[in-house]
Amino acid sequence: PSTIMGACSSHEREGLSMDVDGLMQAIRHKDVDDARVFARRIRRQVGGACIPPTVTALCQSAGVPQASRILQDNDIDGVRAVLDLTNDEWTGLNDESKAGESQLRRLRTYVAKLNAQRDLNEALIVATKEEMTSIVSVLIKQKASVTYADNHNKTALMWACMQGSVEPARLLIDAKANIEAMDARGRTPMSLAKDLGQDKIVRLLNKALGVVSDQPSSAALDAKHAEKKDEKEEDPVAEKEDDVDMYGRKMDLDGKHGMGIHRRTKAAEKKKKHAPPKDIHELLERAGLPIVVRERIIEEGYDEIDWYHTSNERDWDRMMTACKITELVKERILACL
């Protein structure tokens, strides 16, 4: 917070950084009332700041278009790089360009407000990951950006789709979140939900996109079951004759006895359970890994199932370090192969 709020006066910096810390603490403790208070305070001080897409647009929004040349001369060519400047780096810019000191001061004040807005946006993503529906609602009302993307280029809606969080996803969609946004690997919220088997999210997205699902509704299914039940009740004798042989033993549709079909079904389920996983998604799901861990493993490029069959201990050590997983996770994965 001290780096983020470096452009404010000491009194403003202390107040705003305490509000940012208070908001994150409220989210960790799932305290909706405190989250509402701190988000409102941050919003009041930010004053509706919107993060521009380029450095030139950033300087123009701050009212100091000449400052963009100073930043470019110091090889600062990205908005995120400007937002992440430390106190020492701002001081270095002032020392190198005495003529532009007043412009840099105004730019620095504007950047402090943008960083406060970015904290509000980050808080929305954290609350969505933790499935805190009430706090997500509070942050949306305080104008946290629903289109903001984190370091993995994932929006809050993408995280909700990955985790199957229906209510947060509904709130984000109602707040006009971008349903067709893509992450760093070109995946949309819809493709993420489909890959991870989040059927409820898929239906929610289809409804938002105006797509009619080909799956029958629950009402239609209930009517179909009721119709079948009525047919059975009309001719109970025929049902008995079809399902029972001359000795009174139950039979299946092929004329086999009921116990035989039960054994065959059980054997098929057992065979399916012990069949090798088809792809990396099925392997990690069988291992019982959390969605965040699965996503991290795939993000690091370990998405070919052949790798897990052919790798040696050194490869595993490298993978465990890159993906931040423990020996227990490794053992779970190996047990499923």
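Mentor: Contact here means heavy atoms within 4.5 Å. This is a predicted model, where local features need pLDDT of at least 70, side-chain atom pairs count only at pLDDT 80 or more, and totals for chains, interfaces and linings use all residues. Residues are numbered from 1 along each chain as its sequence is written, and side-chain values use heavy atoms, with hydrogens and water left out.

Trainee: OK, what is Leu157 in contact with, leaving aside neighbours within four places in sequence?

Mentor: Ala169, Leu172, Ile173, Ala177, Asn178, Ile179 and Pro189.

Trainee: And how many residues does the largest nonpolar core have?

Mentor: 45, with Leu157 and Leu172 among those with the most contacts inside it. A nonpolar core is a set of buried Ala, Val, Leu, Ile, Met, Phe, Trp, Tyr and Cys residues joined through side-chain atoms within 4.5 Å; buried means under 20% relative accessible area, exposed over 50%, partly exposed in between (1.4 Å probe, protein chains only).

Trainee: Switching topic: is Gln163 buried or exposed?

Mentor: Buried, because its relative accessible area is 16%. A polar atom of the Gln163 side chain lies 2.7 Å from the backbone oxygen of Lys129.

Trainee: What does the charged end of Lys129 sit over?

Mentor: The ring of Trp159, 4.1 Å from its centre. The rule is NZ of Lys or CZ of Arg within 6 Å of the ring centre and within 35 degrees of the ring normal.

Notes:
Polar contact = N/O pair within 3.5 Å; in protein donor to acceptor, adjacent residues only side chain to side chain.
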